[in-house]
Number of protein chains: 2
Amino acid sequence: MKKISDSTIRRLSKYYRTLSSQIEKGVSTISSNEIAQLNSITSAQVRKDLSFFGTFGKRGLGYNTEQLKDQIANILGLKKEWRVGLVGFGNIGRALLRYDEFKKQGFNIKAIFDNDPTKLGQQIDNLKIDKIEDACNVVAKEK
Amino acid sequence: MKKISDSTIRRLSKYYRTLSSQIEKGVSTISSNEIAQLNSITSAQVRKDLSFFGTFGKRGLGYNTEQLKDQIANILGLKKEWRVGLVGFGNIGRALLRYDEFKKQGFNIKAIFDNDPTKLGQQIDNLKIDKIEDACNVVAKEK
DNA sequence: TAGATTGTTAATCGATTAACAATC
DNA sequence: TAGATTGTTAATCGATTAACAATC
């Protein structure tokens, strides 16, 4: 498989948001040129980016917004469940653990790490706080 | 002034971290090749990136770590004080407001915005929570 | 069919790298 | 001076864009 550049992936994620918002507005069909204008780039760029992954449009018509959004979600792995580790359990870490949007997007926090010895071993939601040094081992075990 | 690419800026910020950690280890001089290896890139890339902003090294010797770190800090605007607005005052927003590292890095939160009507007008640390719709106006007034 | 827009090739542009004279 | 490494030019590589045949 040919190497896909970072820039392409980043743009794909922008197209995804564009499609989401157009779908909310009730738009069911969109051209590469419309997507391009909404992202201040060229339509050739949009078509090129998509072409790395397949052919999703209809010549003369453009793209079905729902379908294209769905296909980009697949490309970006947005449908998968991800088991993730949280590193740092201070105020921000705690807030992130409670941030439901992650769960909704398929990111499930399955481990917590911190370097404060007084926090080690503490139990939160079935999770025990681990030493940061252990992070690599824990992740390796999951592979 | 010639346009500097995003990639260059992103790398500069990596060099900055590399220098910080080398300085901590007591390293006082570094070559473009050493910086490159620590960042998995070529030495030509490092020298090219720096060359957009001036000449910082000594031929035959390399770069003084302290000096180069300082000069990159200037390039990246790390010495400036920044007045910033916080958008969203839920759990994460609250944690970010209390995160001292921002203040230390020169980012001073001077306004808070949220879209929850029950939060509007609340007073936190001398700051009144504003409507998100007002964010652009508030920022514009600062310019 | 005529008009529109895709998917893709070829041309262009910009970023990375190799090479080397300058010089510490 | 000899060795090392910079700063910069020129060559290479890869990403963006223009152009257009295919086709809805």
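**Reading a protein–DNA model: a tutorial**

Modeller: The residues of the surface near DNA strand C divide into four nonpolar, eleven polar and nine charged. Here Ala, Val, Leu, Ile, Met, Phe, Trp, Tyr, Cys and Pro count as nonpolar, Asp, Glu, Lys and Arg as charged, and the others, Gly among them, as polar. This is a predicted model, in which local features need pLDDT of at least 70, side-chain atom pairs count only at pLDDT 80 or more, and totals for chains, interfaces and linings use all residues. Residues are numbered from 1 along each chain as its sequence is written, chains are lettered from A and ligands numbered from 1 in the order in which they are written, and side-chain values use heavy atoms, with hydrogens and water left out.

Biologist: Which residues come nearest to DNA strand C?

Modeller: A residue is near a strand if one of its heavy atoms lies within 4 Å of it. Of the 24 residues around DNA strand C, those that come nearest are A:Ser32, A:Arg47, A:Gly57, A:Tyr63 and B:Arg59. Sugar and phosphate make up 61% of the atoms of DNA strand C that come within 4 Å of the protein.

Biologist: Which helix supplies the largest share of this surface?

Modeller: Helices are DSSP runs (H or I, at least four residues), numbered from the N terminus. The largest share, four residues, comes from α3(B).

Biologist: What lies 3.0 Å from a phosphate oxygen of DNA strand C?

Modeller: A polar contact is a pair of N or O atoms within 3.5 Å; within protein, one must be able to donate a hydrogen and the other to accept it, and residues adjacent in sequence count only if both atoms are side-chain atoms. A backbone N or O atom of A:Phe56 lies at 3.0 Å from a phosphate oxygen, and a polar side-chain atom of B:Arg11 lies 3.0 Å from a phosphate oxygen.

Biologist: At what angle do helices α1 and α3 of chain A cross?

Modeller: Two packed helices are described by the angle between their axes and the distance between the axes. Axes are lines fitted to C-alpha atoms, for helices over the stretch in contact, and angles run from 0 to 180 degrees between N-to-C directions. In chain A, the axes of α1 (residues 6–24) and α3 (residues 43–51) come within 10 Å and cross at roughly 105 degrees. That makes α1(A) roughly perpendicular to α3(A), a term covering angles of 65 to 115 degrees.

Methods: Helices (H or I, at least four residues) and strands (E, at least two) are DSSP runs, numbered from the N terminus. Angles under 35 degrees count as roughly parallel, over 145 as roughly antiparallel, 65 to 115 as roughly perpendicular and the rest as oblique.
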